[in-house]
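Dear colleague,

I am handing over the structure below, together with some notes on what was found in it. Please read the notes with the structure open beside them.

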Amino acid sequence: MVALWIVLAVVVVAALAATVLVFRRRGRVAGGEPTQPAAPPPAAPVTEERPVAEAPAPVAAPALPTMKDRLGRARGLFSGLRAVRSRSAVEAATWEELEETLLRADVGVATSGALLADLRRRAKAGEVTGGGQLLDALRADLVDLLEVEERWDAASDGELSATGGQVPPADEEVVAPVGRSLRFDGRPGTVDVWLFVGVNGVGKTTTVGKVARQQAAAGRSVLLAAADTFRAAAGEQLATWAERTGCEIVRGAEGGDPSAIVFDAVQRASARGNDLVLADTAGRLHTKVNLVEELKKIRRVADRDPGRVTEVLLVLDATTGQNGLVQARQFTEAVAVTGVVLTKLDGTAKGGVVIAVQRELGLPVKLVGLGEGADDLVPFDPAQFVDALLG
């Protein structure tokens, strides 16, 4: 009997324990699992305060090269005269040194003789007594010679068409100052045309490109005429310059008529309102009659309305020396050159041809090339040139 009660008691305790366990589980299901505290929101990103970078200062335009910096070879030829300055008297040996220096510098026999004759006259008159005065007198003579700027004004010459491009005799022409600056009339309804002439290899196409760059920078609307149809690379070279400078270009087929290209360029410039046409021409030997005749034709065509030729620029290589003077004379007789562009004056050039061209032909040197850079084509300054030579 006692055993029976013990079993019953165990069953009752087990039932009570099972009941309690069931109620606990139901409570958990109804109330859910205890929630974890919510994670705090992520912190906002911190923006680092950095100092604002200042705009870079504008880059100054490169300074134009000076003749004193670039005429090393030419200045070296005149360096021997520096010893003359300290001499108290002008002796026979001094005259010999001076003559030799002028000839070695490619000034030429005629021009050297004229300079020496004037200096001897002044020495005889007592105006020049010592070496210093002699060099000062030479400097003054050279500057005066280079500043003479009168010649036949081919650009305003009405007889050129009738004479086939020949310069009229002096008594039929009006002497007018050409000036050393590049002539641009800018007349309404008229297109200024600048022709570039010369033999092969002097740098005509490069010169045209550099002048186009300068004129475009000055605010003029420029059109290039690739009238050198004989040299295969000339058109491509000028097209590259047109792209660099933002200028328009008129080209023709290789071996085509250069006069037709110049004509088309002038007509297009007039229609589109361009101010200036720069015409590159084929390099030609000044002794070849047929090529020179073709150049005369280009000159006549370019001067027809609405075109007006205001510059005929002869491009010379300064390293050719006195041969450049021969070229200048022949081209002047053919197309009435108005000015000279002297390239490659730096380096091995002697420079004296500048003086010879100015004195013997009256042609003003308007531009000189002092290097290969785009900004190395600069206006010619007589005083700066003489100072560079004599130191």
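In helix α13 (residues 382–390), the buried residues are P382, F385, V386, A388, L389 and L390, where buried means under 20% relative accessible area with a 1.4 Å probe and protein chains only, exposed being over 50% and partly exposed in between. Helices here are DSSP runs of H or I of at least four residues and strands are runs of E of at least two, both numbered from the N terminus.

This is a predicted model, in which local features need pLDDT of at least 70 and side-chain atom pairs count only at pLDDT 80 or more, while totals for chains, interfaces and linings use all residues. Residues are numbered from 1 along each chain as its sequence is written, and side-chain values use heavy atoms, with hydrogens and water left out.

The cover over the buried residues of α13 includes α2 (67–70), α3 (72–77), α6 (131–146) and α12 (353–361), contact being heavy atoms within 4.5 Å. At the start of α13, a side-chain oxygen of D381 comes to within 3.1 Å of the backbone nitrogen of A383, and after the helix comes G391, with a positive phi near 75°.

Turning to the strands, six of the six residues of β6 (residues 276–281) are buried, so this strand is largely enclosed by the rest of the structure. In a regular strand the side chains alternate between the two faces of the sheet. Both faces of β6 are covered, with L276, L278 and D280 buried on one side and V277, A279 and T281 buried on the other.

Strand β3 (residues 191–197) pairs with β6 in the parallel sense over five bridges, with V193 opposite V277; two strands count as paired if DSSP finds at least two bridges between them. Strand β4 (residues 222–227) is likewise parallel to β6, over six bridges, and here A225 stands opposite A279 and A227 opposite T281.

These strands belong to an open sheet of eight, in the order β5-β4-β6-β3-β7-β8-β9-β10, with mixed pairing. Its edge strands, β5 (248–250) and β10 (377–379), each pair on one side only. Helix α7 (residues 204–217) packs on the sheet, touching β3, β4, β6, β7 (307–317), β8 (339–343), β9 (365–369) and β10, and its direction makes about 170° with that of β6; axes are lines fitted to C-alpha atoms, for helices over the stretch in contact, and angles run from 0 to 180 degrees between N-to-C directions. Helix α11 (residues 322–335) lies across β3 and β7, at about 165° to β7.

With best wishes

Note on methods. Polar contact = N/O pair within 3.5 Å; in protein donor to acceptor, adjacent residues only side chain to side chain.
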